[in-house]
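Subject: Structure handover

Hello,

Here is the structure I promised you. Please open it first, then read my notes below.

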Amino acid sequence: MSGTVAFVLKGYPRLSETFIAQEIRALEMRGLDIRIFSLRHPTDRKRHPITGEIQAPVGYLPEYLHDTPWRVVRVWRALRGKAGYRAAWRRWRDDFRRDRTRNRIRRFGQALVLAHEMPADITHIHAHFLHTPASVARYAALIRGLDWSCSAHAKDIWTSEDWEKSEKLADCAWAVTCTRANRDHLAALAPEGRVHLTYHGLDLKRFPPPEAARPARDGSRPADPVRVLTVGRAVEKKGHEDLLTALARLPDILHWRFEHIGGGPLQARLAGEAARLGIAERCQFHGALAQDEVLAAYRRADFFALMSREAADGGRDSLPNVLMETQSQGLAVLAAEISAIPELIAPHENGLLVTPGDVTGAAAALARLIGEPGLRARLGAQGQRTVNEKFALDGCIESLAARFGVGDRAVA
């Protein structure tokens, strides 16, 4: 592959999508020329430092067509006579018959703007997420006569209809996804050899190991409580309410403090739930923080907990990057045994796993981790080795770089 690649993202930059930013920067450093096109403007007040290192220029497509109607009309007039437009229109018409939503209309309008405003040197389009960004990339690629590819992650896989996933995977040049569980699901819907596994990996230069050992707190001293941390958006699939319920069931003789980091629509609800459970004075809800602040939180914590679950709409985590981040810091982890989390965490070897929604089991695991500093140290050390050996970015990024024609194993 030669030329410039257009990356289509749902929103950029986003604090919750550090893994995309680190991938873009790693590909740039291997020589890939990238242009970013975002479907939404940023809403986070803070930004991760890596965003400032990314060289790719950013263009914003109309988030809502009615906000810039003349921009859409202008590009429609310029494109409607082209053969590629007619092919894209037919594809969109077939999709709209099965999904008669305003969002489907918006996707086509955004694709028109993307196809018209992309520089002439764009030779390939790559979408992050298989739902909306892949639709926009697919229609725009038809209009411009280009190949396109996709990275599939979590909610985009599990909340999309099978017909749409199957047709997109048939149309794209290739697709990658970040877990074996995702790959197996998508490969069953795709032509043979179309879907490939590429773990996100973690840039260990940005997550160097802590210099100081953690104190051996055991929850016996009110003045020196064990610090429990979770990081993740305040949304249903993260299971934060289950974690709060489990914490509330801990015996009174254990002394602990809980911190939550992450934005999201359920922040106020979580704080209210902590108050209802009678543990509000032990809980702190920070909201979204930049990467350096999250790293500092990992280093002051005693262990990490994340009770992921399947949401009502089918959404679920794949392999949350925060688990790799926290293990890179030698931090013991309690997580739910769902989706691809067992691809990282082996029970009682480098972490503890409980069944999603099992607050009784989670409370027992929390009590063990609070009261047994030796267990925390052992699980944390093995988790750190797992990340260093199997999930380092430099090793994980090479297969993706090769698909784009850059890196040590680049192919034409």
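A crossing is left-handed if the near helix is turned anticlockwise from the far one by less than a right angle, and right-handed if clockwise. Helices here are DSSP runs (H or I, at least four residues), and strands are too (E, at least two), numbered from the N terminus.

The model is predicted: local features need pLDDT of at least 70, side-chain atom pairs count only at pLDDT 80 or more, and totals for chains, interfaces and linings use all residues. Residues are numbered from 1 along each chain as its sequence is written, and side-chain values use heavy atoms, leaving out hydrogens and water.

Start with α3 (residues 69–79) and α5 (residues 102–117). Their crossing is left-handed. They pack at about 65°, with axes 9 Å apart. (Axes are lines fitted to C-alpha atoms, for helices over the stretch in contact; angles run from 0 to 180 degrees between N-to-C directions.)

Contact means heavy atoms within 4.5 Å. On the α3 side, the residues in contact include Val-72 and Trp-76. On the α5 side, they include Leu-112 and His-116.

Now α5 itself. Its buried residues (under 20% relative accessible area; exposed is over 50%, partly exposed in between; 1.4 Å probe, protein chains only) include Arg-104, Phe-108 and Leu-114. The buried residues of α5 pack against β1 (4–9), β2 (33–38), α3, α4 (83–98), α6 (132–144) and α8 (162–171).

Last, look at Thr-245. It lies in helix α10 (residues 240–248). Thr-245 counts as buried because its relative accessibility is 19%. Leaving aside residues up to four places away in sequence, Thr-245 touches Glu-273, Leu-277 and Val-359.

Best wishes
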